[in-house]
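Reader: I'd like to go through this model with you, starting with the ligand. Could you put it up?

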Amino acid sequence: MNNGMYIDGEWIGAHRFETMPVDNPATGERIGDIPVGGALEAKMAIDAAARAFRDWAGRTAADRGAYLMKLYRLMLEHEEELASCITLEMGKPLKEARGEVRYAASFLEWYAEEGKRVCGETIPSSHPNKRIVTLRQPVGVVGAITPWNFPAAMLTRKLAPALAAGCPIVIKPSEWTPFTAIKLMELVERAEFPPGTVNLVLGDAAAIGGEFMGNEKVKKISFTGSTRVGKLLMEQGAKQVKKLSLELGGHAPMIVLDDADLALAVREVIASKFRNAGQACICGNRVYVQSGVYDRFVALLAEETLKLKVGDGFDADTDIGPLINSAALEKVERQVKDAVAKGATVLTGGVGPEGEGSCFYPPTILTNADESMLVMREETFGPVAPIRKFHADEEAIRLANDTPYGLAAYVFSGSVSRGMRVVEQLEYGIVGWNDGLPSTAQAPFGGMKESGIGREGGREGIACYLETKYVSIGI
Ligand code: NAP
């Protein structure tokens, strides 16, 4: 497997000649090694991007869009290869990985078009001898840092709008999933993007991130990952007032009202909670069910959850793959033990993995959950669904909003007026109403409160790569 960094249109190793291993979380086997790049490689990539800026920004939107469409088609042609790589290095079932590749590619197609609709304005002046126009121009070199849980989609969700806007990009993927990013760079090379427009740096996150934040040639940072690292980048960015987009952690409530279609609610809660083994920023973290339907909902959810098969993502009938690593497993186990010690009942799962080094955890339902439990407050990032009973709609809204996070929330209700009232009061950037899978390229994705700053996807997703310049013309 190719294991280099992609800088200025060339494949290179690290100057330090150090490597780090990448393992398959399903088997513990070594997939390969990657070079450990640092500040030096980040600087080389930033310099290359800065050199590429003028040419790339000066092209027409249609020209840039044509490159994006070429990459889009290449991604679809290589769907199986990319999906296998995702499953191999982070464990999600192959069928989900194929879906991720198509979702990742959809950002390229959408922004290939959206780039053509970046428009300025003419604004009526207060003086007969003046005219006011606005120009929208690319912000400059972008530093992008992406997580491991959607290694293709989180990358293209930044790359596509940045390139469409006219900004070259330097990408640092997670050390857990570098090979998906490398495969995407191979396709970037085949799409013949001009050297320096797309660059990939691998290795030491703090050193590479430090160079991104301290280098004045980087005009914009787009980060997806934990709230902890997001806050660190905000502090580092303050010195240069660096423009930041932050897509951070979540703790999504799922509210099932007593007029919900229960079969639909169960289906969507399972899709949201157990997809990617619960390792999605918008996946449901806690479930609130109204008293009148509580027993029926819990019984149905348990029945459907018991049908889910845990296993290697390459097995065709696997629904839930492994967690990314042993630290993730320990966190899930700690939260479940804490909940049980505080009075939760384990309805399904709840038993740790068999065998040393295994990262698998079964889909787990906990009833009698309450706010004293870690699982109801800390991001779980695992297949655990704690359920709490509520009585009045207002109680569910209060409990749902009682968190520093504000990324995604879900409500299940058959009533337009009741559902809408709940939606309006939820302090979240994304609400799925009778929908557990709201992500799509054309919608603005992002969080309120400590879940982030800015939006990715849709029209808002390109705006953060553009500056507005106001020109006052005396005539
Ligand atoms: P993470 O630990 O914050 O890592 C995210 C990225 O930041 C990785 O590339 C990581 O590199 C890098 N990083 C780590 N320390 C850094 C530093 N000091 N300076 C610069 N970069 C640094 O998060 P994760 O565990 O990969 O991802 C899970 C988190 O991401 C969850 O909290 C999840 O909710 C969130 N997430 C949010 C969204 C969203 O759209 N809001 C989407 C997906 C995931 P290494 O991996 O190489 O250390």
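Reader: How far is a polar side-chain atom of serine 174 from an oxygen atom of the ligand?
Author: This is a predicted model, where local features need pLDDT of at least 70, side-chain atom pairs count only at pLDDT 80 or more, and totals for chains, interfaces and linings use all residues. Residues are numbered from 1 along each chain as its sequence is written, and side-chain values use heavy atoms, with hydrogens and water left out. A polar contact is a pair of N or O atoms within 3.5 Å. For serine 174, the distance to the ligand oxygen is 2.8 Å.

Reader: Which residue puts a polar backbone atom 2.8 Å from a nitrogen atom of the ligand?
Author: Backbone atoms take part too: a backbone N or O atom of glycine 225 lies 3.3 Å from a ligand oxygen. For the ligand nitrogen, the residue is leucine 248.

Reader: How much of the ligand's accessible area does the protein cover?
Author: Accessible area here comes from the Shrake-Rupley method with a 1.4 Å probe. On its own the ligand has 900 Å² of it, and the protein covers 89%.

Reader: How many nonpolar residues are in the shell around the ligand?
Author: The shell holds 31 residues, each with a heavy atom within 4 Å of the ligand. Of these, 9 are polar and 5 charged, and the nonpolar ones number 17.

Technical notes. A polar contact is a pair of N or O atoms within 3.5 Å; within protein, one must be able to donate a hydrogen and the other to accept it, and residues adjacent in sequence count only if both atoms are side-chain atoms. Ala, Val, Leu, Ile, Met, Phe, Trp, Tyr, Cys and Pro count as nonpolar, Asp, Glu, Lys and Arg as charged, and the others, Gly among them, as polar.
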